[in-house]
Amino acid sequence: MMKRREAMRFLAAAPLPFVPDDWPITQRAPTSYAFGPDFNFGFSTSAYQIEGAVHEDGRTDGIWDIFCHTGHHIRNGDNADITCDHYHRMPEDVALLAAAGVRNYRYSVSWPRLYPEMNGPANSKGFAFYDRLLDELHDKGVSPWLCLYHWDLPQYLQARGGWTNRDTAYRLAEFSDKVSRYFGSRIGHWMVLNEAAVHAYLGHGLGFHAPGMTGKDNWVSALHHLNLGQGLSVQALRANVPQARIGTVASVEPVRPSTKSADDAQAAAVLDAMWNGAVLDPLFLGEYPALVRDDFAPYCRSGDLAVCRQKIDLLGINYYSRLHIRYDPKYALDVFFGSNNDPVKYKALNVPMEPDGLYEAVMHVHDRYGRPEIFISENGFATVKDGKPGSGLEDDGRLEYLAANLAFLQKSREAGANVSGYFVWSLLDNFEWDAGMKYRFGLVDVDFATLKRTPKQSYYWYSALVRSQAKMQVVKV
Ligand code: FCB
(Lines give C-alpha, C1' and ligand atoms only; values in the text may rest on other atoms or scores of the structure.)
Protein backbone atom coordinates (compact mmCIF):
# COMPACT_ATOMS: atom_id res chain seq x y z
CA MET A 1 0.00 0.00 0.00
CA MET A 2 1.31 3.43 -0.91
CA LYS A 3 2.04 5.60 2.10
CA ARG A 4 0.90 9.19 1.76
CA ARG A 5 3.82 11.52 1.95
CA GLU A 6 1.82 14.67 2.26
CA ALA A 7 0.15 16.09 5.30
CA MET A 8 -2.12 19.08 5.51
CA ARG A 9 -2.43 21.74 8.10
CA PHE A 10 -4.72 24.70 8.45
CA LEU A 11 -3.55 28.16 7.74
CA ALA A 12 -4.23 30.68 10.49
CA ALA A 13 -7.95 30.78 11.10
CA ALA A 14 -9.33 33.62 9.03
CA PRO A 15 -12.98 34.52 8.58
CA LEU A 16 -14.51 32.31 5.91
CA PRO A 17 -14.42 34.25 2.64
CA PHE A 18 -17.53 35.43 0.85
CA VAL A 19 -19.90 34.30 3.60
CA PRO A 20 -22.60 36.82 4.46
CA ASP A 21 -22.74 37.64 8.17
CA ASP A 22 -26.22 36.27 8.60
CA TRP A 23 -25.38 32.79 7.34
CA PRO A 24 -25.88 30.20 10.06
CA ILE A 25 -22.48 28.58 9.66
CA THR A 26 -22.69 25.56 11.86
CA GLN A 27 -20.33 25.00 14.73
CA ARG A 28 -20.15 21.43 13.60
CA ALA A 29 -18.24 22.23 10.45
CA PRO A 30 -15.54 19.59 10.35
CA THR A 31 -12.00 20.71 10.88
CA SER A 32 -10.30 17.36 10.78
CA TYR A 33 -10.54 16.54 7.10
CA ALA A 34 -7.41 16.81 5.02
CA PHE A 35 -8.61 16.87 1.43
CA GLY A 36 -6.75 20.09 0.77
CA PRO A 37 -7.07 22.91 -1.74
CA ASP A 38 -6.65 20.84 -4.91
CA PHE A 39 -9.45 18.44 -4.12
CA ASN A 40 -12.54 18.91 -6.33
CA PHE A 41 -15.66 19.42 -4.25
CA GLY A 42 -18.83 19.66 -6.28
CA PHE A 43 -22.58 19.37 -6.56
CA SER A 44 -24.30 16.83 -8.81
CA THR A 45 -27.66 17.09 -10.60
CA SER A 46 -29.27 15.61 -13.69
CA ALA A 47 -31.32 17.22 -16.45
CA TYR A 48 -34.59 15.33 -16.14
CA GLN A 49 -34.71 15.58 -12.37
CA ILE A 50 -34.46 19.38 -12.21
CA GLU A 51 -35.21 21.05 -15.56
CA GLY A 52 -38.95 20.75 -16.08
CA ALA A 53 -40.08 22.63 -19.23
CA VAL A 54 -40.56 19.25 -20.84
CA HIS A 55 -42.53 20.56 -23.77
CA GLU A 56 -40.84 23.86 -24.21
CA ASP A 57 -38.59 25.22 -26.96
CA GLY A 58 -38.95 22.13 -29.09
CA ARG A 59 -38.16 19.36 -26.59
CA THR A 60 -39.98 16.11 -27.32
CA ASP A 61 -40.78 13.20 -25.01
CA GLY A 62 -38.14 11.06 -23.44
CA ILE A 63 -38.75 7.67 -21.86
CA TRP A 64 -39.36 9.20 -18.42
CA ASP A 65 -42.10 11.48 -19.74
CA ILE A 66 -43.94 8.44 -21.05
CA PHE A 67 -43.24 6.43 -17.90
CA CYS A 68 -44.54 9.23 -15.65
CA HIS A 69 -47.73 9.74 -17.59
CA THR A 70 -48.74 6.14 -18.17
CA GLY A 71 -49.26 3.20 -15.86
CA HIS A 72 -49.05 4.76 -12.36
CA HIS A 73 -45.36 4.02 -12.00
CA ILE A 74 -44.45 7.02 -9.87
CA ARG A 75 -45.22 7.43 -6.18
CA ASN A 76 -48.17 9.78 -5.67
CA GLY A 77 -48.63 10.12 -9.42
CA ASP A 78 -45.84 12.69 -9.44
CA ASN A 79 -44.10 13.72 -12.64
CA ALA A 80 -41.20 15.94 -13.70
CA ASP A 81 -43.14 18.29 -15.99
CA ILE A 82 -42.10 21.21 -13.81
CA THR A 83 -40.02 19.73 -10.96
CA CYS A 84 -37.53 22.47 -9.89
CA ASP A 85 -38.20 24.53 -13.04
CA HIS A 86 -34.44 24.83 -13.38
CA TYR A 87 -34.90 25.55 -17.08
CA HIS A 88 -36.26 28.97 -16.10
CA ARG A 89 -34.41 29.47 -12.82
CA MET A 90 -30.98 28.28 -13.84
CA PRO A 91 -29.09 31.52 -12.95
CA GLU A 92 -30.49 31.40 -9.41
CA ASP A 93 -29.36 27.80 -9.04
CA VAL A 94 -25.87 28.49 -10.32
CA ALA A 95 -25.66 31.43 -7.92
CA LEU A 96 -26.58 29.10 -5.05
CA LEU A 97 -23.88 26.61 -5.85
CA ALA A 98 -21.28 29.29 -6.39
CA ALA A 99 -22.25 31.07 -3.17
CA ALA A 100 -21.45 27.87 -1.29
CA GLY A 101 -17.86 28.20 -2.50
CA VAL A 102 -18.26 25.05 -4.59
CA ARG A 103 -16.18 25.20 -7.76
CA ASN A 104 -17.39 22.12 -9.67
CA TYR A 105 -20.77 21.19 -11.05
CA ARG A 106 -21.77 17.86 -12.53
CA TYR A 107 -24.93 18.05 -14.64
CA SER A 108 -26.39 16.31 -17.65
CA VAL A 109 -27.92 17.38 -20.93
CA SER A 110 -31.33 16.26 -22.10
CA TRP A 111 -31.03 14.27 -25.33
CA PRO A 112 -34.66 14.89 -26.41
CA ARG A 113 -34.10 18.62 -25.84
CA LEU A 114 -31.01 18.70 -28.05
CA TYR A 115 -32.20 16.28 -30.73
CA PRO A 116 -36.01 16.18 -30.60
CA GLU A 117 -36.53 14.15 -33.79
CA MET A 118 -35.13 10.91 -35.14
CA ASN A 119 -32.39 11.84 -37.62
CA GLY A 120 -33.52 15.43 -37.23
CA PRO A 121 -31.48 18.60 -36.88
CA ALA A 122 -30.05 19.98 -33.66
CA ASN A 123 -32.51 22.06 -31.67
CA SER A 124 -30.80 25.41 -31.43
CA LYS A 125 -33.02 26.52 -28.53
CA GLY A 126 -31.97 23.45 -26.56
CA PHE A 127 -28.29 24.10 -27.21
CA ALA A 128 -28.81 27.76 -26.32
CA PHE A 129 -30.05 26.81 -22.86
CA TYR A 130 -26.88 24.82 -22.11
CA ASP A 131 -24.79 27.64 -23.56
CA ARG A 132 -26.41 30.02 -21.09
CA LEU A 133 -25.70 27.55 -18.30
CA LEU A 134 -22.03 27.41 -19.31
CA ASP A 135 -21.92 31.22 -19.43
CA GLU A 136 -23.23 31.40 -15.86
CA LEU A 137 -20.85 28.70 -14.61
CA HIS A 138 -17.79 30.22 -16.25
CA ASP A 139 -18.77 33.66 -15.08
CA LYS A 140 -18.84 32.44 -11.48
CA GLY A 141 -15.65 30.37 -11.71
CA VAL A 142 -17.41 27.00 -11.56
CA SER A 143 -16.08 24.13 -13.71
CA PRO A 144 -18.67 22.18 -15.69
CA TRP A 145 -18.51 18.37 -15.52
CA LEU A 146 -20.94 17.18 -18.17
CA CYS A 147 -22.60 13.77 -18.04
CA LEU A 148 -23.91 13.00 -21.51
CA TYR A 149 -26.54 10.41 -20.63
CA HIS A 150 -28.41 10.37 -17.35
CA TRP A 151 -31.26 8.02 -18.30
CA ASP A 152 -33.44 10.25 -20.50
CA LEU A 153 -33.48 8.44 -23.81
CA PRO A 154 -35.61 10.05 -26.54
CA GLN A 155 -38.87 8.19 -26.96
CA TYR A 156 -38.24 7.91 -30.73
CA LEU A 157 -35.34 5.59 -29.91
CA GLN A 158 -37.38 3.65 -27.36
CA ALA A 159 -39.95 3.08 -30.10
CA ARG A 160 -37.17 1.13 -31.89
CA GLY A 161 -36.35 -0.96 -28.81
CA GLY A 162 -34.25 1.54 -26.88
CA TRP A 163 -31.23 0.00 -25.19
CA THR A 164 -32.29 -3.51 -26.10
CA ASN A 165 -31.59 -2.52 -29.71
CA ARG A 166 -27.88 -2.59 -30.56
CA ASP A 167 -28.34 0.43 -32.80
CA THR A 168 -28.90 2.64 -29.74
CA ALA A 169 -25.20 2.22 -28.85
CA TYR A 170 -24.32 3.85 -32.18
CA ARG A 171 -26.94 6.57 -31.66
CA LEU A 172 -25.33 7.40 -28.29
CA ALA A 173 -21.93 7.63 -29.95
CA GLU A 174 -23.36 9.96 -32.59
CA PHE A 175 -24.95 12.08 -29.85
CA SER A 176 -21.65 12.21 -27.92
CA ASP A 177 -19.86 13.17 -31.10
CA LYS A 178 -22.22 16.03 -31.94
CA VAL A 179 -22.47 17.40 -28.41
CA SER A 180 -18.71 17.37 -27.91
CA ARG A 181 -18.10 19.04 -31.27
CA TYR A 182 -20.55 21.74 -30.29
CA PHE A 183 -19.36 22.55 -26.76
CA GLY A 184 -15.72 21.61 -27.36
CA SER A 185 -13.27 23.21 -24.99
CA ARG A 186 -15.97 25.04 -23.04
CA ILE A 187 -16.25 21.87 -20.96
CA GLY A 188 -13.19 20.37 -19.30
CA HIS A 189 -14.66 17.17 -17.83
CA TRP A 190 -16.81 14.78 -19.84
CA MET A 191 -18.60 11.76 -18.41
CA VAL A 192 -20.43 9.42 -20.77
CA LEU A 193 -22.98 7.46 -18.74
CA ASN A 194 -24.63 7.65 -15.38
CA GLU A 195 -24.95 4.28 -13.65
CA ALA A 196 -25.37 1.82 -16.50
CA ALA A 197 -26.07 -0.89 -13.90
CA VAL A 198 -29.03 0.92 -12.38
CA HIS A 199 -30.49 1.96 -15.73
CA ALA A 200 -30.19 -1.59 -17.02
CA TYR A 201 -31.52 -3.41 -13.96
CA LEU A 202 -34.20 -1.05 -12.65
CA GLY A 203 -35.30 0.12 -16.09
CA HIS A 204 -34.96 -3.06 -18.16
CA GLY A 205 -34.79 -5.98 -15.68
CA LEU A 206 -37.22 -5.04 -12.91
CA GLY A 207 -39.30 -2.39 -14.65
CA PHE A 208 -39.32 0.00 -11.68
CA HIS A 209 -37.73 2.74 -13.79
CA ALA A 210 -38.33 3.91 -17.35
CA PRO A 211 -38.74 2.41 -19.85
CA GLY A 212 -40.39 -0.21 -17.62
CA MET A 213 -39.05 -3.28 -19.43
CA THR A 214 -38.57 -6.51 -17.52
CA GLY A 215 -36.71 -9.80 -17.68
CA LYS A 216 -33.20 -11.09 -17.94
CA ASP A 217 -32.83 -10.71 -21.71
CA ASN A 218 -33.78 -7.05 -21.67
CA TRP A 219 -31.57 -6.41 -18.65
CA VAL A 220 -28.50 -8.08 -20.14
CA SER A 221 -28.88 -6.74 -23.66
CA ALA A 222 -29.47 -3.18 -22.38
CA LEU A 223 -26.36 -3.37 -20.25
CA HIS A 224 -24.20 -4.66 -23.07
CA HIS A 225 -25.41 -1.97 -25.45
CA LEU A 226 -24.80 0.71 -22.80
CA ASN A 227 -21.24 -0.59 -22.39
CA LEU A 228 -20.74 -0.60 -26.14
CA GLY A 229 -22.19 2.88 -26.58
CA GLN A 230 -19.96 4.10 -23.80
CA GLY A 231 -16.82 2.73 -25.47
CA LEU A 232 -17.76 4.29 -28.80
CA SER A 233 -18.51 7.58 -27.07
CA VAL A 234 -15.15 7.68 -25.32
CA GLN A 235 -13.53 7.27 -28.76
CA ALA A 236 -15.59 10.17 -30.13
CA LEU A 237 -14.73 12.38 -27.17
CA ARG A 238 -11.02 11.60 -27.47
CA ALA A 239 -11.13 12.77 -31.08
CA ASN A 240 -13.18 15.91 -30.48
CA VAL A 241 -11.97 17.19 -27.11
CA PRO A 242 -8.40 15.90 -26.79
CA GLN A 243 -7.52 18.35 -24.00
CA ALA A 244 -10.48 17.36 -21.84
CA ARG A 245 -10.57 14.81 -19.04
CA ILE A 246 -12.84 11.96 -20.10
CA GLY A 247 -14.53 9.32 -17.99
CA THR A 248 -17.83 7.82 -16.99
CA VAL A 249 -19.94 7.35 -13.87
CA ALA A 250 -20.74 3.99 -12.29
CA SER A 251 -22.74 2.96 -9.28
CA VAL A 252 -20.25 0.94 -7.26
CA GLU A 253 -21.93 -0.64 -4.29
CA PRO A 254 -20.59 -3.69 -2.45
CA VAL A 255 -23.15 -6.49 -2.40
CA ARG A 256 -24.11 -8.63 0.59
CA PRO A 257 -26.62 -11.46 0.93
CA SER A 258 -29.53 -10.46 3.19
CA THR A 259 -29.38 -13.76 5.12
CA LYS A 260 -26.97 -16.65 5.50
CA SER A 261 -28.94 -18.90 3.13
CA ALA A 262 -27.12 -20.43 0.17
CA ASP A 263 -29.76 -19.03 -2.20
CA ASP A 264 -29.20 -15.50 -0.98
CA ALA A 265 -25.44 -15.95 -1.24
CA GLN A 266 -25.81 -17.05 -4.86
CA ALA A 267 -28.20 -14.18 -5.66
CA ALA A 268 -25.74 -11.70 -4.13
CA ALA A 269 -22.85 -13.12 -6.15
CA VAL A 270 -24.88 -12.81 -9.35
CA LEU A 271 -25.93 -9.25 -8.59
CA ASP A 272 -22.38 -8.26 -7.73
CA ALA A 273 -21.28 -9.64 -11.10
CA MET A 274 -24.08 -7.83 -12.93
CA TRP A 275 -24.09 -4.54 -11.03
CA ASN A 276 -20.41 -3.91 -10.38
CA GLY A 277 -18.47 -6.43 -12.48
CA ALA A 278 -20.41 -6.27 -15.75
CA VAL A 279 -19.91 -2.49 -15.85
CA LEU A 280 -16.32 -2.13 -14.69
CA ASP A 281 -14.73 -5.32 -16.08
CA PRO A 282 -15.58 -4.57 -19.73
CA LEU A 283 -14.37 -0.99 -19.33
CA PHE A 284 -11.09 -1.69 -17.55
CA LEU A 285 -10.34 -5.32 -18.44
CA GLY A 286 -12.21 -5.94 -21.69
CA GLU A 287 -14.20 -8.93 -20.42
CA TYR A 288 -17.38 -9.88 -18.60
CA PRO A 289 -17.20 -11.57 -15.19
CA ALA A 290 -17.02 -15.38 -15.53
CA LEU A 291 -20.20 -15.90 -13.51
CA VAL A 292 -22.38 -14.06 -16.05
CA ARG A 293 -20.29 -14.30 -19.23
CA ASP A 294 -22.63 -16.77 -20.88
CA ASP A 295 -25.56 -14.44 -20.32
CA PHE A 296 -23.87 -11.77 -22.42
CA ALA A 297 -22.77 -14.13 -25.20
CA PRO A 298 -25.91 -13.70 -27.35
CA TYR A 299 -25.37 -9.91 -27.52
CA CYS A 300 -21.61 -9.54 -27.36
CA ARG A 301 -20.24 -9.70 -30.90
CA SER A 302 -16.66 -10.26 -31.88
CA GLY A 303 -14.71 -7.05 -31.33
CA ASP A 304 -17.24 -5.52 -28.94
CA LEU A 305 -15.14 -5.99 -25.84
CA ALA A 306 -12.20 -4.21 -27.43
CA VAL A 307 -14.52 -1.23 -27.93
CA CYS A 308 -15.94 -1.44 -24.40
CA ARG A 309 -12.40 -1.38 -23.00
CA GLN A 310 -11.21 2.21 -23.04
CA LYS A 311 -8.56 4.11 -21.25
CA ILE A 312 -10.36 6.74 -19.23
CA ASP A 313 -8.87 9.61 -17.28
CA LEU A 314 -11.08 9.25 -14.28
CA LEU A 315 -13.97 7.18 -12.99
CA GLY A 316 -16.94 8.69 -11.19
CA ILE A 317 -18.22 6.43 -8.41
CA ASN A 318 -21.76 6.91 -7.14
CA TYR A 319 -22.12 5.43 -3.68
CA TYR A 320 -25.08 5.45 -1.29
CA SER A 321 -24.91 2.17 0.67
CA ARG A 322 -24.15 -1.49 0.18
CA LEU A 323 -26.75 -3.57 -1.63
CA HIS A 324 -28.42 -6.25 0.49
CA ILE A 325 -29.78 -8.95 -1.72
CA ARG A 326 -32.07 -11.93 -1.49
CA TYR A 327 -33.07 -14.72 -3.80
CA ASP A 328 -36.52 -14.31 -5.27
CA PRO A 329 -37.54 -16.31 -8.33
CA LYS A 330 -40.14 -13.68 -9.24
CA TYR A 331 -37.41 -11.36 -10.54
CA ALA A 332 -34.89 -11.29 -13.36
CA LEU A 333 -31.97 -13.63 -12.66
CA ASP A 334 -33.73 -14.46 -9.36
CA VAL A 335 -32.25 -11.56 -7.46
CA PHE A 336 -34.02 -8.85 -5.56
CA PHE A 337 -33.10 -6.10 -3.13
CA GLY A 338 -33.67 -7.35 0.38
CA SER A 339 -32.92 -5.56 3.56
CA ASN A 340 -29.99 -5.17 5.83
CA ASN A 341 -30.68 -7.31 8.86
CA ASP A 342 -28.11 -5.55 11.01
CA PRO A 343 -29.35 -2.57 12.95
CA VAL A 344 -28.51 0.56 11.02
CA LYS A 345 -28.63 4.09 12.18
CA TYR A 346 -30.51 5.91 9.47
CA LYS A 347 -32.78 4.73 6.78
CA ALA A 348 -34.53 6.81 4.18
CA LEU A 349 -35.58 5.49 0.80
CA ASN A 350 -34.35 2.10 2.03
CA VAL A 351 -30.76 3.33 2.08
CA PRO A 352 -28.92 2.38 5.25
CA MET A 353 -26.04 4.43 6.56
CA GLU A 354 -22.94 2.40 5.75
CA PRO A 355 -20.07 4.84 5.27
CA ASP A 356 -17.49 2.07 5.55
CA GLY A 357 -19.02 0.68 2.35
CA LEU A 358 -17.68 3.74 0.53
CA TYR A 359 -14.18 2.84 1.64
CA GLU A 360 -14.78 -0.72 0.48
CA ALA A 361 -16.08 0.43 -2.93
CA VAL A 362 -13.17 2.80 -3.53
CA MET A 363 -10.52 0.30 -2.46
CA HIS A 364 -12.12 -2.39 -4.61
CA VAL A 365 -11.85 -0.21 -7.71
CA HIS A 366 -8.35 0.88 -6.76
CA ASP A 367 -7.08 -2.65 -6.22
CA ARG A 368 -8.87 -4.43 -9.06
CA TYR A 369 -8.57 -1.91 -11.87
CA GLY A 370 -5.03 -0.64 -11.64
CA ARG A 371 -5.38 2.36 -9.33
CA PRO A 372 -7.46 4.61 -11.60
CA GLU A 373 -8.16 8.19 -10.67
CA ILE A 374 -11.52 8.26 -8.93
CA PHE A 375 -13.95 10.94 -7.92
CA ILE A 376 -17.13 10.41 -5.97
CA SER A 377 -19.72 11.65 -8.43
CA GLU A 378 -22.72 11.12 -6.12
CA ASN A 379 -23.24 10.54 -2.43
CA GLY A 380 -26.23 11.79 -0.52
CA PHE A 381 -29.07 11.24 1.87
CA ALA A 382 -32.85 11.47 1.51
CA THR A 383 -35.15 13.16 3.99
CA VAL A 384 -38.93 13.44 4.07
CA LYS A 385 -40.75 16.63 5.01
CA ASP A 386 -43.57 16.49 7.56
CA GLY A 387 -45.54 19.41 6.15
CA LYS A 388 -44.81 21.86 8.99
CA PRO A 389 -43.28 25.21 8.02
CA GLY A 390 -39.50 25.01 7.99
CA SER A 391 -39.62 21.22 7.94
CA GLY A 392 -36.54 19.59 6.46
CA LEU A 393 -34.20 22.54 6.90
CA GLU A 394 -32.59 21.16 10.06
CA ASP A 395 -31.25 18.08 8.33
CA ASP A 396 -28.98 16.57 10.97
CA GLY A 397 -29.30 13.08 9.53
CA ARG A 398 -27.92 14.25 6.19
CA LEU A 399 -25.13 16.13 7.83
CA GLU A 400 -24.09 13.12 9.81
CA TYR A 401 -24.32 10.88 6.73
CA LEU A 402 -22.13 13.17 4.62
CA ALA A 403 -19.61 13.66 7.42
CA ALA A 404 -19.27 9.92 7.97
CA ASN A 405 -18.90 9.14 4.27
CA LEU A 406 -16.28 11.84 3.87
CA ALA A 407 -14.36 10.42 6.82
CA PHE A 408 -14.20 7.03 5.12
CA LEU A 409 -13.30 8.68 1.83
CA GLN A 410 -10.38 10.34 3.56
CA LYS A 411 -9.39 6.97 4.94
CA SER A 412 -9.27 5.57 1.40
CA ARG A 413 -6.94 8.41 0.38
CA GLU A 414 -4.71 7.66 3.32
CA ALA A 415 -4.66 4.04 2.16
CA GLY A 416 -3.34 5.21 -1.21
CA ALA A 417 -6.46 5.44 -3.37
CA ASN A 418 -6.23 8.17 -6.02
CA VAL A 419 -9.43 10.05 -5.13
CA SER A 420 -9.51 13.58 -6.51
CA GLY A 421 -13.05 14.76 -5.88
CA TYR A 422 -16.35 14.46 -4.07
CA PHE A 423 -19.70 15.64 -5.48
CA VAL A 424 -22.71 15.64 -3.24
CA TRP A 425 -26.08 14.50 -4.54
CA SER A 426 -27.76 16.93 -4.83
CA LEU A 427 -27.89 20.69 -5.06
CA LEU A 428 -31.71 20.83 -5.02
CA ASP A 429 -34.59 18.69 -3.85
CA ASN A 430 -35.80 17.19 -7.11
CA PHE A 431 -37.74 14.49 -8.94
CA GLU A 432 -36.44 11.25 -7.47
CA TRP A 433 -37.47 8.93 -10.31
CA ASP A 434 -40.07 6.33 -9.31
CA ALA A 435 -40.07 7.75 -5.76
CA GLY A 436 -41.40 11.08 -7.04
CA MET A 437 -41.04 14.24 -4.93
CA LYS A 438 -41.37 12.63 -1.51
CA TYR A 439 -37.74 11.75 -0.88
CA ARG A 440 -35.57 14.82 -0.91
CA PHE A 441 -31.85 14.71 -1.52
CA GLY A 442 -31.16 18.44 -1.85
CA LEU A 443 -28.88 20.54 0.29
CA VAL A 444 -31.26 23.25 -0.84
CA ASP A 445 -34.94 22.80 -0.12
CA VAL A 446 -37.38 23.37 -2.98
CA ASP A 447 -41.00 24.20 -2.22
CA PHE A 448 -42.64 22.55 -5.22
CA ALA A 449 -45.74 24.77 -4.90
CA THR A 450 -43.88 28.08 -5.04
CA LEU A 451 -40.51 26.86 -6.39
CA LYS A 452 -38.79 28.85 -3.67
CA ARG A 453 -35.28 27.64 -2.83
CA THR A 454 -34.11 27.65 0.81
CA PRO A 455 -30.68 26.36 1.83
CA LYS A 456 -30.74 23.68 4.51
CA GLN A 457 -28.33 23.36 7.39
CA SER A 458 -26.31 20.84 5.36
CA TYR A 459 -25.73 23.45 2.64
CA TYR A 460 -24.02 25.74 5.13
CA TRP A 461 -22.11 22.83 6.60
CA TYR A 462 -20.89 21.71 3.18
CA SER A 463 -19.96 25.25 2.30
CA ALA A 464 -17.93 25.58 5.50
CA LEU A 465 -16.19 22.29 4.76
CA VAL A 466 -15.33 23.29 1.19
CA ARG A 467 -14.00 26.66 2.31
CA SER A 468 -11.97 25.14 5.13
CA GLN A 469 -10.27 22.77 2.69
CA ALA A 470 -9.54 25.57 0.25
CA LYS A 471 -7.50 27.22 2.97
CA MET A 472 -5.34 24.21 3.71
CA GLN A 473 -1.72 24.19 2.89
CA VAL A 474 0.23 21.18 1.73
CA VAL A 475 3.26 20.56 3.90
CA LYS A 476 5.83 18.02 2.78
CA VAL A 477 6.80 15.72 5.63
C1 FCB B 1 -28.71 7.71 -8.23
C2 FCB B 1 -29.05 8.50 -9.47
C3 FCB B 1 -29.43 9.93 -9.21
C4 FCB B 1 -30.27 10.07 -7.98
C5 FCB B 1 -29.67 9.33 -6.81
C6 FCB B 1 -30.44 9.46 -5.52
O7 FCB B 1 -28.87 6.35 -8.48
O8 FCB B 1 -27.93 8.50 -10.33
O9 FCB B 1 -30.06 10.42 -10.36
O10 FCB B 1 -31.57 9.71 -8.22
O11 FCB B 1 -29.54 7.98 -7.14
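Mentor: A polar contact is a pair of N or O atoms within 3.5 Å; within protein, one must be able to donate a hydrogen and the other to accept it. The model discussed here is predicted.

Trainee: With which side chain does the side chain of His-86 make a polar contact?

Mentor: His-86 sits in helix H3, which covers residues 86-99. Leaving aside residues up to four places away in sequence, His-86 touches several residues, including Ile-50, Tyr-105 and Arg-453. The polar contact, at 2.8 Å, is with the side chain of Asp-93.

Trainee: Is His-86 buried or exposed?

Mentor: Buried means under 20% relative accessible area. The relative accessible area of His-86 is 3%, so His-86 is buried.

Trainee: Is His-72 buried or exposed?

Mentor: His-72 is placed in the loop between helix H2 (63-69) and H3. The cut-off for exposed is over 50%. His-72 has a relative accessible area of 81%, and therefore counts as exposed.

Trainee: What is the phi of Leu-333?

Mentor: Most residues other than glycine have a negative phi. Leu-333 lies in the loop between strand E9 (323-327) and strand E10 (335-337). Its phi is positive, near 50 degrees.

Trainee: What is the omega of the peptide bond from Trp-425 to Ser-426?

Mentor: Most peptide bonds are trans. Ser-426 is in the loop between strand E14 (419-425) and strand E15 (444-446). The bond from Trp-425 to Ser-426 is cis, with omega near 15 degrees.

Trainee: Where does Pro-211 lie?

Mentor: The peptide bond from Ala-210 to Pro-211 is cis, with omega near 10 degrees. Pro-211 lies in the loop between helix H8 (196-205) and helix H9 (216-240).

Key. Residues numbered from 1 in each chain as written. Predicted model: local features only at pLDDT ≥ 70, side-chain atom pairs only at ≥ 80, totals over all residues. Heavy atoms only, no water. Helix = DSSP H or I, 4+ residues; strand = E, 2+ residues; numbered from the N terminus. Buried < 20%, exposed > 50% of the residue type's maximum accessible area, 1.4 Å probe, protein only. Contact = heavy atoms within 4.5 Å.
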